[in-house]
Structure formats: structure tokens, C-alpha cells
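Colleague: I'd like to learn how to read a model like this. Can we take it feature by feature?

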Amino acid sequence: MDRKITAAITSVGGYVPEFRLTNALLETMVDTSDEWITTRTGIKERRILKGEGLGVSYMAKKAIAECLTKRGIDGSEIDLVIVSTTTPDMPVASTAAYLCSEIGAKNAFGFDLQAACSGFLYGLVTAAQFVETGSYKKVLLVGGDKMSSIIDYTDRTTCVIFGDGCGAVLLEPSDEQYGVLDHILRSDGIGREYLYIKAGGSMYPPTKSTVENREHFVHQEGQAVFKFAVTNMAEVAAQIMERNGLSPDDVAWLVPHQANKRIIDATAKRMNLDDTKVMLNIHRYGNTTNGTIPLLLWDYESKLKKGDNLILAAFGGGFTWGAVYVKWAYDGSAVGKPYIE
């Protein structure tokens, strides 16, 4: 009997801009402090993409180039490109289609996927379906955002949280049961009340008034979002362990969305995981939305071993949330960059 084909992650690439927006610098911009930011979020600095006309595709191309180089292939071998992002280059003109052309993926098609901070998980599950059916052999999934393009830097409730960054992973067929093994994805439209950008869509198209009223920036009701995130992200992470018979000892790593250190801690506690099994880089990058999970895999790649059980978990605006069980397919020590604390 043939074994089921699964979709394994076979390579990882990442990119973060050079400019560091530190807490000390933010203190000169808004009424805040390093102590306040660190205590409530765990963030010390975030990266910001500078330069006219540079969008998510700029970062994506760099992440993709590293991902493909590590795997020893070029763009012509890619069958599909999925870009999970909240900040596409343009409202109309697919960023994924543009990237297909830019990387020479002449045999591929591509599309953008928007599910806020859970977008990379939604994209991972979507990409896996294309591989599992046998339709495609090499699917490139990009997760990234230029959050600085939609953040109001006079609003201290949001500007301390978000940063820019992008990661990319390659998914390929595995007949050894590596890769995406299970998932739980959820959504609840009540989130529209608490985390949104009011203007710029079909309900409230851009006008002079919407610009003057700063309605094209992220608005967040922090306490409500925090409450929903702590409960739901932790719950699905625990559920995915339970239904796959995984004990805390069986899990090598929790790969959590990097929105708030307290949410991450609550998720690890619900899973009964030790802190040493929790991937963390929020202190270095802040919340890069769709970029957080692939950037964690990029940062920790050298620590990953073939057969490691990973639980990926996220929560985002909408609300959207989910958890994915991944069995890692290769030893990262041979290809991953040295881990930086």
C-alpha cells in the first residue's frame, strides 16, 4: 500500500531590513518608554524598510533567493507561488504574480492570500494541499509585511508593536510522513470591531477626509485583541497536540506568532512546554505579521533536526487563528545560519 504523500518544508530563506527602530528611538517620537514597551510586549527593536518604491516584493525577492539557493534550484522549477501578506505592493496587481516573473518562475502561477497575522499558517495549509494532491512538486510560500507602511507613528498603542520583514519556505512531496501533518484553522468576524484599517477598501474608499483623519492606518483595541488571542491561540495549540497524541516531551519546538511575549508565554503554559522549547525573536523584530513564523524558522533553522515535531500557532485580525503540526524534514545545522540570541 502506497504511503500518503505529505508536504515537507525543504528550505527556508529570510530577510529583515537594516534599519533598527529601537525603543530608545521610539521614546523620542511618542510618549512611551523602553520599560513600558519591554514589560508589555517583549519588544526591544524592530526593523523598518527604508527607500522610495520598496514594498513587500523587495524583501520577498531576497528571502526567496536565499531559499532557492540553499535548495540548489532556480525559479524555473517552481510550480506555484503563494504570498501571504497584509501589505501587498499594490491594492490591485498581484504581488505573487510579479514575484513569479521576477524570480524566473515561468512555469508557475501565483496568488496573494490575506488572513492578517494568521496568513502564513493559512498559506502553509493551502500550499500543502497542492502538494498532497500530486498536482505540484515545488510550491514556494512567502510570508511577509511592510507594516511600517500602515502604521501611524503618532499612535503609541500600535507603533511600538510592528516591524517589517519577510520569510520564504519551499514545500515538496515527502513519502516519509515529514512536513504538514495536521492543522486547525479558525476565524470569527467579531474581530473586525477590534483590529482594522477603516479606509482604503470598498466600504470607505480613499478621500481627502479619510487621509486627513488618518483612517488608512491600523487601529487596534489592545485589551480586546489580547484577550481573544491569549485564549484562542493557546487553545488550538493544545488541541493539535491532544488529537495527535503528542506529549510535551514529544514536541521539539513551539513556533508561535510574535505579537506579544505574554501571549507566547500563555500558549507555552497551556501546552506545558518549557521555555527552552519556545522559538522567540520578538525582541529583535517586533510583530512582522505574516513574516513572524517563517522568520522564526529562518533564525532557528540551524537548531532544527530531521524528525523534530513543531507546533506552529498564530492569531490575527479578523479574527483569524490556528495551529499546524509539522514534522521537520531535514537537519538544519548544515545549511542554517548561526543562531543569534
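**Pocket, salt bridges and burial**

Colleague: How many nonpolar, polar and charged residues line the second largest pocket?

Modeller: The lining has 7 nonpolar, 2 polar and 5 charged residues. Nonpolar means Ala, Val, Leu, Ile, Met, Phe, Trp, Tyr, Cys or Pro; charged means Asp, Glu, Lys or Arg; the others, Gly among them, are polar. This is a predicted model, where local features need pLDDT of at least 70 and side-chain atom pairs pLDDT 80 or more, while totals for chains, interfaces and linings use all residues. Numbering runs from 1 along each chain as its sequence is written, and side-chain values use heavy atoms, without hydrogens or water.

Colleague: Which residues lie nearest the centre of that pocket?

Modeller: First the idea: a pocket is an open set of points on a 1 Å grid where a 1.4 Å probe fits, with protein on both sides within 12 Å along at least five of seven lines; a lining residue has an atom within 4 Å of a point. Here, 14 residues line the second largest pocket. Nearest its centre are Asp-275, Thr-276, Val-278, Leu-280 and Tyr-300.

Colleague: Which element gives the largest share of the lining?

Modeller: Helix 9, residues 261-270, with 4 residues. Helices (H or I, at least four residues) and strands (E, at least two) are DSSP runs, numbered from the N terminus.

Colleague: Now salt bridges. How many are there?

Modeller: The count is 17. The rule asks for a side-chain nitrogen of Lys or Arg within 4 Å of a carboxyl oxygen of Asp or Glu. Take Glu-172 and Arg-71: their side chains meet at 2.5 Å, N to O. Glu-172 sits in strand 7 (residues 164-174) and Arg-71 in helix 3 (residues 56-71), so this bridge ties together parts 101 residues apart in sequence.

Colleague: Is Glu-172 buried or exposed?

Modeller: Buried is under 20% relative accessible area, exposed is over 50%, and partly exposed is in between (1.4 Å probe, protein chains only). Glu-172 is buried, at 7%.

Colleague: Where do Arg-214 and Asp-152 lie in the chain?

Modeller: Both are in loops. Arg-214 lies between helix 7 (208-212) and strand 10 (219-220), and Asp-152 between strand 6 (139-146) and helix 6 (156-159). They are 62 residues apart, so to speak distant parts of the chain, linked by the pair. The closest N and O atoms of their salt bridge are 2.9 Å apart. Arg-214 is partly exposed, with a relative accessible area of 41%. Asp-152 is buried, with 8%.

Colleague: What links Arg-270 and Glu-242?

Modeller: A salt bridge between their side chains, 3.8 Å from N to O. Arg-270 belongs to helix 9 and Glu-242 to helix 8 (residues 222-243), so the bridge joins parts 28 residues apart in sequence. Arg-270 is partly exposed at 33%. Glu-242 is exposed at 54%.

Colleague: One more case. How far apart are Gly-14 and Gly-144 in sequence and in space?

Modeller: Compare the two separations. In sequence, Gly-14 and Gly-144 are 130 residues apart. In space, the C-alpha to C-alpha distance is 9.4 Å. Gly-14 lies in strand 1, residues 6-15. Gly-14 counts as buried, at 6% relative accessibility.
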